[in-house]
Structures are given as structure tokens and as C-alpha cells.
Amino acid sequence: MLLLNSGKLVLWHRLLEELWDGAQPASAMSNLRTYATELRRVVFDGGPQLVSDPDGLRLQVDREQIDVDVFADLCARARNDQMNGDLPAASSAYERALHMWRGPALTGLRRGPILTATATALDERRIGVLEDWFDVRLDLTATDRCSGSALIADLRGHLAEHQVRERPHRQLMVTLYRLGDVAGALQACAGAREVLRRSLGLDPDDRVEWLQAAILRRDPDLLRPGVQNRTGDPLRL
């Protein structure tokens with residue numbers, strides 16, 4: 001709780017809610033103050049400063065010492081490189097950010113309601129960043145087809161765990177098409193439609209239908225970085 005809110009005041013009632021989830025003992029507040037004292041003595045001695053406040057606790061620690069903050073900084077760098085057209089640098093920054101993960105967020109910790117929700121949000125964030133990285137790698141295939149095979153393998157692995165996420169289905173379709181596997185791209189479209197109907201009772205959105213039509217007519221725009229839709233606007237895969 002303190003590390004995820006580094007530099008910010010974490011209110012006592014939030015800590016109480018997290019530790020006891022509405023079933024606080026009479027000694028809860030006293031226990032919290034004892035825990036803070038032990039943290040200072042055992043964990044943070046000579047290191048980051050744990051500051052008490054009448055309303056809560058604040059942990060002062062350098063940003064580069066917290067994984068989630070380093071991850072955010074690398075993602076911001078990757079997005080900036082991507083906007084500036086430096087796709088290799090963007091891909092490298094995304095890869096470094098994602099390699100910081102060693103499994104689901106906050107694994108191995110006893111979690112109350114707040115950290116459970118935080119872990120879910122962090123995991124969703126990681127998945128979104130992974131798919132952002134796939135977009136960069138997809139654009140790189142426009143000039144380096146050799147990178148496409150590794151991307152296809154990663155996309156298939158990702159979809160094995162997240163079948164109903166439409167974005168990687170679309171990314172897989174375009175990657176297969178760029179590698180010359182038109183039949184595979186159309187099969188990926190059919191697979192996306194089947195999975196979504198079976199799992200959610202829904203059809204894919206218009207972007208899947210548009211990509212299928214573009215593949216069938218061998219649209220040359222699909223071979224260029226930054227796939228374009230029928231109006232000429234960038235299409236977010």
C-alpha cells in the first residue's frame with residue numbers, strides 16, 4: 001500500500017480497510033502504529049523514510065526503486081519514441097518494461113480489497129502495454145518480414161490466454177497477411193468470430209470485418225506501417 005502510493009499520504013482508514021476488510025479488532029489502530037514502528041526499524045532502517053502524520057503514513061522513496069514507476073517511465077518513453085517514428089527504440093523500451101514482470105501483479109502477497117483491485121488494474125495495464133508493443137512490432141514487419149514469425153508466435157501465445165480480446169486477433173490477421181499467408185489471415189478472422197460468438201455471444205466489431213474485406217481485395221495499405229481505414233484515417237488495430 002505504501003510503495004504503490006509512494007510520496008503520497010495513505011490515510012489510516014484506508015490501511016485499516018485493507019488489513020481487516022471491515023472486521024477490525026478493537027486494537028486495530030494500535031496495531032497499525034506498531035507495524036509502522038517495526039517497518040521503520042526492520043525494513044527501512046537507513047533507507048526510505050516512513051513518515052507518520054495525524055491522518056496516515058507517507059513513504060518517501062526514490063522513483064527508480066519502485067518497479068511499477070520504472071515500468072510507467074519506460075512505457076512513456078516507448079510511446080514518445082513511437083510518436084516520433086523511432087520504432088526500434090519504442091520496441092526496445094516496451095520490451096524492457098514488459099521484462100520487469102515476473103508473473104501476475106502482487107503475487108504472493110496477502111491482499112485485501114484495495115490491493116486486489118490494484119492488482120487487477122496493474123495486470124490489465126500490462127496486457128494493454130503488451131498489445132501496444134505488438135502494434136510497434138507489427139509496423140516493423142513492413143520493412144523487416146523476418147520479425148513477423150516471432151510476432152505471430154507471441155500473438156498466438158497471448159490469444160491462448162486471452163481469447164476474447166479483439167485487438168490481438170486483428171494484429172494476428174495483419175501480421176499473417178504481411179507474411180504472405182492470406183489463407184491464414186482469413187482463418188484468423190474466422191477464428192476470432194467463432195471465439196467471440198461462443199464465449200460472449202457477440203460478433204467482432206467493424207474493424208475485423210473491414211480487415212477481412214481488405215485482405216480479400218489484397219489492399220496494399222495493409223502492407224504499410226500504420227494500417228489505414230477506408231477514410232484514410234489511422235486504424236487502431
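At what angle do H1 and H5 pack? About 85°, with their axes 6 Å apart. Axes here are lines fitted to C-alpha atoms, for helices over the stretch in contact, and angles run from 0 to 180 degrees between N-to-C directions. Helices (H or I, at least four residues) and strands (E, at least two) are DSSP runs, numbered from the N terminus.

Before moving on, note that this is a predicted model: local features need pLDDT of at least 70, side-chain atom pairs count only at pLDDT 80 or more, and totals for chains, interfaces and linings use all residues. Residues are numbered from 1 along each chain as its sequence is written, and side-chain values use heavy atoms, with hydrogens and water left out.

**Stop 1: H1 and H5**

The two helices H1 and H5 are therefore roughly perpendicular (65 to 115 degrees; under 35 counts as roughly parallel, over 145 as roughly antiparallel, the rest as oblique). Select Arg 14, Glu 17 and Glu 18 in H1; they meet Pro 113, Ile 114 and Leu 115 in H5. Contact means heavy atoms within 4.5 Å. Three of these residues are nonpolar, none polar and three charged. Ala, Val, Leu, Ile, Met, Phe, Trp, Tyr, Cys and Pro count as nonpolar, Asp, Glu, Lys and Arg as charged, and the others, Gly among them, as polar.

**Stop 2: the largest pocket**

Select Met 1, Leu 3, Leu 4, Leu 106 and Leu 109. Of the 33 lining residues, these lie nearest the centre of the largest pocket. A pocket is an open set of points on a 1 Å grid over the protein atoms alone, where a 1.4 Å probe fits, with protein on both sides within 12 Å along at least five of seven lines; lining residues have an atom within 4 Å of a point. The largest pocket holds about 1000 Å³ of space, a volume being the space filled by probe spheres set on the points. Now colour H2 (28-43), one of the elements giving two or more residues to the lining. H2 gives the most, with four residues. By class, the lining has 24 nonpolar, four polar and five charged residues.

**Stop 3: H7 and H8**

Go to H7 (residues 166-178). The axes of H7 and H8 come within 7 Å and cross at roughly 165°. H7 and H8 are therefore roughly antiparallel. Select Leu 172 and Leu 176, among the H7 residues that meet H8. The contact has 10 nonpolar, two polar and one charged residues.

**Stop 4: H8 and H9**

Follow H8 (residues 182-200) to H9 (residues 206-216): their axes come within 10 Å and cross at roughly 160°. This pair, H8 and H9, is therefore roughly antiparallel. Finish on Arg 193, one of the H8 residues in contact with H9.
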